[in-house]
Amino acid sequence: MSQKTFALLAWILVLGAILIVVVLVSLSLGSVNIPLGRIVEVIFQRKGSVEHSIIFDLRMSRILLGFAVGSSLGLSGVILQGMFRNPLVEPYTLGISGGAALGVCLNIVLGVSKIGGGLSLPLSGFLGALGVILMVYFLSARKTFRIQGLLLTGVMISFIASSLIMLIMAVSRVEELQGIIFWIMGSLEESNWFLIITMLLVSLAGLLAAYLFCFDLNALALGEEEARHLGINVERTKRMLFILASLLTGCSVSVAGIIGFVGLAIPYFIRLLTGIDYRFLLIGSFLAGGAFLILCDTLARTVISPLEFPVGVITGIIGGSVFVYFLHTGPQQLFRKT
Amino acid sequence: MIEARGLGCGYDSRFALKDINFKAAENELLGIIGPNGSGKTTLIRAITKIIRPQSGRILLEGEDIDGMEFGELARKMAVVSQGCDTEFDIPVEDYLLLGRIPHRKAFQFLETERDMEIIQRAMDLTDTARFRKRSLNKLSGGERQLVFIARALAQEPRLLLLDEPTNHLDIAHQVKILDLIRRLNRENKITVLIILHDLNLAGEYCDRLMLMDIGGVHKIGRPEEVLTYQNIEQVYKTIVVVEKNPVSAKPYILLVSEEERARKQSKTERSGHRNK
């Protein structure tokens with residue numbers, strides 16, 4: 001095994017260890033603090049005790065969802081930044097979040113959720129996201145896949161979607177308004193285990209699928225023409241990666257709302273740690289995205305307990321500050337193009 | 001090895017190349033020369049399937065490249081293009097390993113012993129092993145060009161395409177790069193297609209030259225057949241003097257400034273008057 005492979009494996013282990021620590025801390029903290037030492041014991045206890053119910057019903061569900069959403073966003077971000085060769089692209093740049101938000105808004109205003117039940121909000125969010133994905137794809141990717149055109153189309157669709165959302169908000173009633181705002185701020189509170197498991201499977205499947213393209217992404221870092229010289233079918237690869245990243249984002253947004261920053265900055269920091277090798281970047285962003293979102297959610301629900309911050313606020317404040325700090329003091333290669 | 005038959009192609013509806021016919025034999029070092037905009041790079045892009053021919057065919061070892069997968073093409077030919085990203089922050093060794101991508105099997109995620117051997121050989125051939133750990137963007141222009149060639153060699157190509165590899169380099173590096181390419185051609189039996197701007201270097205190093213002019217082939221042949229002042233003046237619209245290199249006996253092209261041309265002309269006119 002080469003020295004480099006060894007170093008990359010070591011990083012994956014470190015990130016895995018961080019993830020486990022974050023999960024344990026998150027399980028232990030809350031309105032009732034359960035000491036770290038008791039957690040393993042409680043997990044293997046039989047059902048029925050209060051602590052068991054707190055850990056499994058309240059905290060575990062949020063942690064699993066946080067991991068699934070965070071890792072999906074991290075993965076989607078690293079894929080998009082790779083194929084666009086632009087570190088400022090993030091999962092929401094393509095207008096997918098706007099589409100999902102619009103879907104949810106329409107659902108709330110039209111009162112579908114009262115009839116459709118718990119699954120109707122995520123479903124309408126997903127339909128909105130899917131609508132945007134198809135629109136962006138057919139507008140700018142059907143014939144020749146022009147990266148810049150795709151980006152501009154995505155940004156414009158974001159604008160249109162947010163304008164439409166504002167329009168809807170302007171004419172909606174107060175309680176509907178509250179529902180819309182609450183959804184847009186993003187939350188990992190979800191009691192439906194079907195959704196949580198689905199989201200977990202989506203994120204894992206996303207990692208496996210993306211990993212098949214790790215060398216394509218490595219080659220694409222040299223530019224599209226160079227990638228072709230290396231035997232990559234660039235058009236097909238971009239198409240597949242676009243669809244993959246969009247689906248990951250679409251699913252995340254429809255389950256957890258708009259949680260910013262994870263998909264933008266996590267890939268950035270991971271790239272800083274290890275350089276441009278997608279064999280590691282994909283796994284790294286996946287693990288770090290998950291760990292970061294769990295950490296932020298833990299803070300969101302404990303800092304002003306029993307009240308809660310929206311988790312998107314925490315990711316934005318913490319992540320953004322760290323990012324700006326590094327921008328001015330950190331190593332310069334962080335801000336070189338990919 | 002590589003052959004174009006009636007090749008025509010271009011960007012959008014504008015034709016950049018019309019009816020190109022040429023053939024590079026196995027183990028040949030064929031130089032492509034011609035003025036800016038004569039379609040040299042477009043020809044390379046057609047051969048690498050970046051743009052599709054609108055007419056005609058390109059055959060690689062007798063097989064139409066239109067029906068070949070990109071991966072298959074990349075195992076047979078490697079390209080050192082002008083478009084190589086020079087601000088790429090990646091260790092030289094990792095960069096060379098990218099050249100092994102076309103040879104990877106499905107689900108092979110780690111480098112094999114053989115991959116490492118091949119990039120080691122590529123580094124030995126190009127004399128780049130001493131900066132294997134350094135970042136690509138920290139190298140000088142000449143060193144970087146050697147690394148680009150090493151990456152192409154990591155693909156184990158039978159055909160090597162180079163687009164002005166000596167651009168912006170000093171004379172020492174120009175000679176070093178072209179000596180290397182000639183060695184690869186002679187000793188490692190790699191067929192080479194190389195675009196060069198410097199006519200003297202092209203004449204010195206290539207077996208044959210293809211002189212291109214506004215999207216067509218003006219003349220193809222041995223350097224002394226192509227580098228005549230008639231051909232050059234016709235294609236480049238520039239007055240030149242062709243001499244012989246005293247050492248290699250290859251054609252050598254000299255340029256004359258406007259001032260000198262005027263002086264020469266007035267001198268001949270004056271001597272003409274005196275004779276009258």
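This report walks through a predicted model of a complex with chains A and B.

## Confidence in the model

The structure is a prediction. For the complex, the predictor gives an ipTM of 0.88 and a pTM of 0.89. Chain B has a mean pLDDT of 90. In that chain, 95% of the residues reach 70 or more.

## Chain A as a whole

Chain A contains 15 helices and zero strands. Its radius of gyration is 20 Å, and the globule rule also gives 20 Å for 338 residues, so chain A is as compact as a globular protein of that length. The C-alpha trace of chain A spans about 60 × 55 × 40 Å along its principal axes.

How much of chain A is buried? The buried share is 46% of the 338 residues.

Start with helix α14 of chain A, which covers residues 278–302. This helix has 25 residues. From its first C-alpha to its last, α14(A) reaches 35 Å, close to the 36 Å expected at 1.5 Å a residue. Is α14(A) largely enclosed or largely open? Of its 25 residues, 22 are buried, so α14(A) is largely enclosed by the rest of the structure.

Now look at helix α9 of chain A, residues 193–211. Ala209(A) lies in this helix. Ala209(A) has 17 other C-beta atoms within 10 Å, which makes it partly exposed. A buried residue would need 20 or more.

## Where the chains touch

## A hairpin in chain B

Chain B has a pair of antiparallel strands, β9 (residues 208–213) and β10 (residues 216–221). Five bridges join them. Within this pairing, Met210(B) stands opposite Ile220(B), a residue of β10(B).

What lies between the strands of this hairpin? There are two residues between β9(B) and β10(B). In this hairpin, Ile214(B) takes a positive phi near 25 degrees. In a regular strand, side chains alternate between the two faces of the sheet.

## Two loop residues with positive phi

Asn27(B) sits in the loop between β2 (14–24) and β3 (29–33) of chain B. Its phi is near 65 degrees, a positive value in a residue other than glycine. Asn27(B) has 15 C-beta neighbours inside 10 Å, so it counts as partly exposed.

His168(B) sits in the loop between β7 (159–163) and α6 (171–187) of chain B. Although His168(B) is not a glycine, it has a positive phi of about 65 degrees. Is His168(B) buried or exposed? It has 10 C-beta neighbours inside 10 Å, so His168(B) counts as exposed. The cut-off for that class is 12 or fewer.

Methods
Residues numbered from 1 in each chain as written. Chains lettered and ligands numbered in written order. Predicted model: local features only at pLDDT ≥ 70, side-chain atom pairs only at ≥ 80, totals over all residues. Helix = DSSP H or I, 4+ residues; strand = E, 2+ residues; numbered from the N terminus. Rg over C-alpha atoms; globule rule 2.2 N^0.38 Å. pLDDT = per-residue confidence, 0-100. Expected span 1.5 Å × (residues − 1). Pairing = 2+ DSSP bridges.
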